[in-house]
Protein chains: 6
Amino acid sequence: MVHIFFLFFFLLQLLSFPSHAAVQDFCVGDLSLPEGPAGYSCKKPAKVTVNDFVFSGLGVTGNTSNLIKAAVTPAFSAQFPGVNGLGISIARLDLAVDGVIPLHTHPGGSEVLVVVEGTICAGFISSSANSVYFKSLKKGDIMVFPQGLLHFQINGGGTPAIAFASFSSPSPGLQITAFALFKNNLPSALVEKTTFLDDAQVKKLKAVLGGTG
Amino acid sequence: MVHIFFLFFFLLQLLSFPSHAAVQDFCVGDLSLPEGPAGYSCKKPAKVTVNDFVFSGLGVTGNTSNLIKAAVTPAFSAQFPGVNGLGISIARLDLAVDGVIPLHTHPGGSEVLVVVEGTICAGFISSSANSVYFKSLKKGDIMVFPQGLLHFQINGGGTPAIAFASFSSPSPGLQITAFALFKNNLPSALVEKTTFLDDAQVKKLKAVLGGTG
Amino acid sequence: MVHIFFLFFFLLQLLSFPSHAAVQDFCVGDLSLPEGPAGYSCKKPAKVTVNDFVFSGLGVTGNTSNLIKAAVTPAFSAQFPGVNGLGISIARLDLAVDGVIPLHTHPGGSEVLVVVEGTICAGFISSSANSVYFKSLKKGDIMVFPQGLLHFQINGGGTPAIAFASFSSPSPGLQITAFALFKNNLPSALVEKTTFLDDAQVKKLKAVLGGTG
Amino acid sequence: MVHIFFLFFFLLQLLSFPSHAAVQDFCVGDLSLPEGPAGYSCKKPAKVTVNDFVFSGLGVTGNTSNLIKAAVTPAFSAQFPGVNGLGISIARLDLAVDGVIPLHTHPGGSEVLVVVEGTICAGFISSSANSVYFKSLKKGDIMVFPQGLLHFQINGGGTPAIAFASFSSPSPGLQITAFALFKNNLPSALVEKTTFLDDAQVKKLKAVLGGTG
Amino acid sequence: MVHIFFLFFFLLQLLSFPSHAAVQDFCVGDLSLPEGPAGYSCKKPAKVTVNDFVFSGLGVTGNTSNLIKAAVTPAFSAQFPGVNGLGISIARLDLAVDGVIPLHTHPGGSEVLVVVEGTICAGFISSSANSVYFKSLKKGDIMVFPQGLLHFQINGGGTPAIAFASFSSPSPGLQITAFALFKNNLPSALVEKTTFLDDAQVKKLKAVLGGTG
Amino acid sequence: MVHIFFLFFFLLQLLSFPSHAAVQDFCVGDLSLPEGPAGYSCKKPAKVTVNDFVFSGLGVTGNTSNLIKAAVTPAFSAQFPGVNGLGISIARLDLAVDGVIPLHTHPGGSEVLVVVEGTICAGFISSSANSVYFKSLKKGDIMVFPQGLLHFQINGGGTPAIAFASFSSPSPGLQITAFALFKNNLPSALVEKTTFLDDAQVKKLKAVLGGTG
């Protein structure tokens, strides 16, 4: 039956196939156009190629020769416009021995971490009762950090560790608490008043992290 | 014409008015039923009264006789189940002279603050460049704090201040950084490692705020 | 330990701090750029100042010398672009003695009202059974009006009343029923046919409110 | 190649096919379980049959022997639990000659109307400037009514009209303005105060529509 | 009382009516402006007319003289910009005798189908257990197809059939499986490897449907 | 100043710290309670431990001794209830030499794939023009697959490959096209009619994959 079906309509199909106008399967970000609350404007579909959906930047080891002996390499919509509007993004974490991703939040999304090399001690703090949830994660373990809560990752072993962190937003943000407090021009008196920290401590860390005021 | 319309159908309407089954206009939270990702289960509509939509708890001055000389009185869905599922909630802030709402985030929503008494110095820190945005607000001024970002409010005058903070979620959460760090059993070594704070500072604040470890 | 940590890396941190590309913490509306379904396009982050997040327009008493003896002063995204994309906005209500905010809806959001001066009688009507929920609110009381439902506010005392209304949208809209019916060119016959009102009544109110047809 | 592929693994596949745990493809509403902000609880997938996804109630002509000479037959999640959680629903409109769906809103969703029989004059009123948009629709025409705005449908011809209205919510609600004003116990004085209507008009319509007070 | 109310304020209302700035009731798509993840940019409200909300394209019988003896006529945001941003759209299906809408998905939304002429056999396949739900639908029957699942519609009678399909998105997309496999340049070897189909079958259908490789 | 601040209020803080009622930081799924459209009901916060947020199931190599020489090990909300309600989940892919994840969709979410071992050839097909986007991915490369679109992954090298796939939903679903067509009781005639496949091909694959009818 199907054979006859095809034979009979072989010519017809050349004439009048139902054609469907473009629909929005994806919205690769065009960083040169205006940005809106939902993300970047879309690149014209005709100019989109497979390279817009592939990113090789996470294949490179992050530079961990720094204060925290760690590196975060994001593939958020600003770096990887292919995820624009799709509700997801990813980043690579490199933690040298003794490395740490300091206490931080992602204002715009939840995170799932998967350890692919080494051991990572990770944890988060809930808002309701300041409860602490932390655990040592070995290769292949995953941990979820609910949206907006303070969390951290520390190399928990004697070898470098690598992990991938996925986010429920193409642009989750990253606010490292110590940097927010000490790596800007927020006046020391305000920091002290709003954190209970001593003046000496605040000034010391401002010096270390490059803050003023 | 309308007159005739009514006279003619006066009896008919008693017989066969289109009747519409219940629809979900609201979902007053029933705190005794299971909670889901979108909020509490709904109270049966037949049991809902106007009192489910009205809350008088914010008419009372909060107790500011405490460490921070301030009080936050929430009307989130846990206190005011009428907002359950509606994408909004509100809280009252009382700031005695020298009072402060310490640096904190709301993991689940943005905030608009309106000052109704006194003067409040408020600010927030962006995640991208640790930029600081702060200003002194007088009665009637409003300020918006984007979702998940660190912010604070300080009494900026010589008299008590009152404000109302509205949130884009019925359950925005409240994570006070100092409490998250020092008012729990998060080991001091972890706090130090993830914040760059000195051991003495951490132990001192743990003692003050009631933390252990 | 932390001390050594800092001393050792004091120079290193100048070289290679992990730097994070801009992320979308907020999207202050640029009213000169195209608007989309999610709101206005964003002002360039570099041009954003604290003044984009602060609005003083609600500190001024609204002009109540009008038909309704009341005023609504909105701080929606069109007036206060700082809330663009953040799922929240606010408005000030002024009700002179005998003032009324006539029956209306906000097509795009739920509302929480907080009374800060005087007494307000407020209520809403559910859609499922045309149930009425109304109550007299005193200073400090809050009431929630679920999305899209008809509601009203009336000065319920002998003194002026002030309230702040927060919304679960940066642009909730405001559709006053009487204005929608009588303050435009909707033909009287259509109004009558779709509301059951008498022709005389419709023409009288069209005259009062400035409608034609 | 594919042939060999199959032959070789013919036995293997009986042993160890990757099996995937249940995921939530749909959530047919179980009206006996608690309802939440996102809709009804789900019927157990094992008990779901094709009949949960099919509804024949819209194939029946609605009873138009009533005041409005019209009928709305909804297939919202309360009547058709298969749409629960899926962001869509539908209703059938029957308009006898001279029939009207009076001015109303759907608090929870936008509507697309498609006329399948007869002629319908439909329109809506915007909130910003009380602008009126209305037009006569013939068979096959569609019209969209944006969320929460007042709109109406009137039989515009000399024969019965039928239309289907789809909604962007499984439970959009339906608030008919005249019923909200006159078909309940909302005190006449409040109706008059909040709508500018005359006392006589209000009492007359309360009598017609079955309201009290 | 209301009479006096009006007489007294007759002049006043000319002076100082509360006026409300434009708010976003709708966002008719302007296809010439940048598109974003949430849809097209909005046409200026002042240029919007009722014709932006009405579409007559679905009143025309689709051309079914083709391979599938069927036609899908969409009124998605690309064809009917009035639905842009409103979470809904619609399409017309025409199925000649023996016509079929081949197995397909809508990546971006759920669908409700209503049969308005003839008989349609429709079904979908769940992802969790590959369960099949299908049924013969007569005039007036509706069926819902949950988001993203494979489904089909076949003319189940001896006369042409017509249906309207509504979607929970203004741009739901349409991916016909056979066209995705055979009507493009996806190499035959890849098709075979990822579908288990025989080489001969793949090449035959590529020839019929116009694919290469 | 801060020192005096603390000394002075040392006793006070024991008395009257502002305490905040529980808020919903997370909603670990309780699979024994009713499920709703937004996910599983929440486990009581008091019973939640760190183990609810950690999952070790992805650390184990999937069994690839099967027809497709591949395995998908999901950590969706059904397997890893910690992600319930958080808009994210993850799965592990194991591809033996010649292994393939056949053409499939995730009805409920977008996917980001990161290759952690070996080489994977991956691609997807757009709905608008049946365009194909595919590329060979080496270790560290990521690729995004927009929501609901057909895609596949094939081992592209001579060694086993491993990847992690993150999803923008805690329960994205997985619909493998060949299984949906041939591994159930969908009648062969319907498969043929809706896919253009030959009867012999359909019956052969039904036999191989365990389908009937």
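User: What does E:Lys138 form a salt bridge with?

Analyst: E:Lys138 pairs with E:Asp141, and the closest N and O atoms are 3.4 Å apart. A salt bridge here is a side-chain nitrogen of Lys or Arg within 4 Å of a carboxyl oxygen of Asp or Glu. Bear in mind that this is a predicted model, where local features need pLDDT of at least 70, side-chain atom pairs count only at pLDDT 80 or more, and totals for chains, interfaces and linings use all residues. Side-chain values use heavy atoms, with hydrogens and water left out.

User: Is E:Asp141 buried or exposed?

Analyst: E:Asp141 counts as buried, at 4% relative accessibility. E:Lys138 is partly exposed, with a relative accessible area of 49%. The cut-offs: buried is under 20% relative accessible area, exposed is over 50%, and partly exposed is in between (1.4 Å probe, protein chains only).

User: How many salt bridges over all chains?

Analyst: There are 36. One of them crosses between chains: C:Asp198 and D:Lys204 meet at 2.8 Å, N to O. C:Asp198 sits in the loop between H4 and helix H5 (199-209) of chain C, while D:Lys204 is in helix H5 (residues 199-209) of chain D. Helices (H or I, at least four residues) and strands (E, at least two) are DSSP runs, numbered from the N terminus.

User: And how accessible are C:Asp198 and D:Lys204?

Analyst: C:Asp198 is buried at 13% relative accessible area, and D:Lys204 is partly exposed at 24%.

User: Switching to H4(C): which residues are buried?

Analyst: C:Ser188, C:Leu190, C:Val191, C:Glu192, C:Lys193, C:Thr194 and C:Thr195. That's seven of the eight residues of the helix (188-195), so H4 of chain C is largely enclosed by the rest of the structure. C:Phe196 follows H4(C) and has a positive phi, near 75°.

User: What about S12(C), which residues point which way?

Analyst: C:Ala161, C:Ala163, C:Ala165 and C:Phe167 point one way, C:Ile162, C:Phe164 and C:Ser166 point the other, and all are buried. With seven of its seven residues (161-167) buried, strand S12 of chain C is largely enclosed by the rest of the structure.

User: Which strand pairs with S12(C) over seven bridges?

Analyst: Strand S5 (residues 89-95) of chain C, in the antiparallel sense. Pairing takes at least two bridges found by DSSP between two strands. C:Ser89 has C:Phe167 as its bridge partner in S12(C). Strand S7 (residues 111-117) of chain C also runs antiparallel to S12(C), joined by six bridges, and C:Glu117 partners C:Ile162.

Note on methods. Residues are numbered from 1 along each chain as its sequence is written. Chains are lettered from A and ligands numbered from 1 in the order in which they are written.
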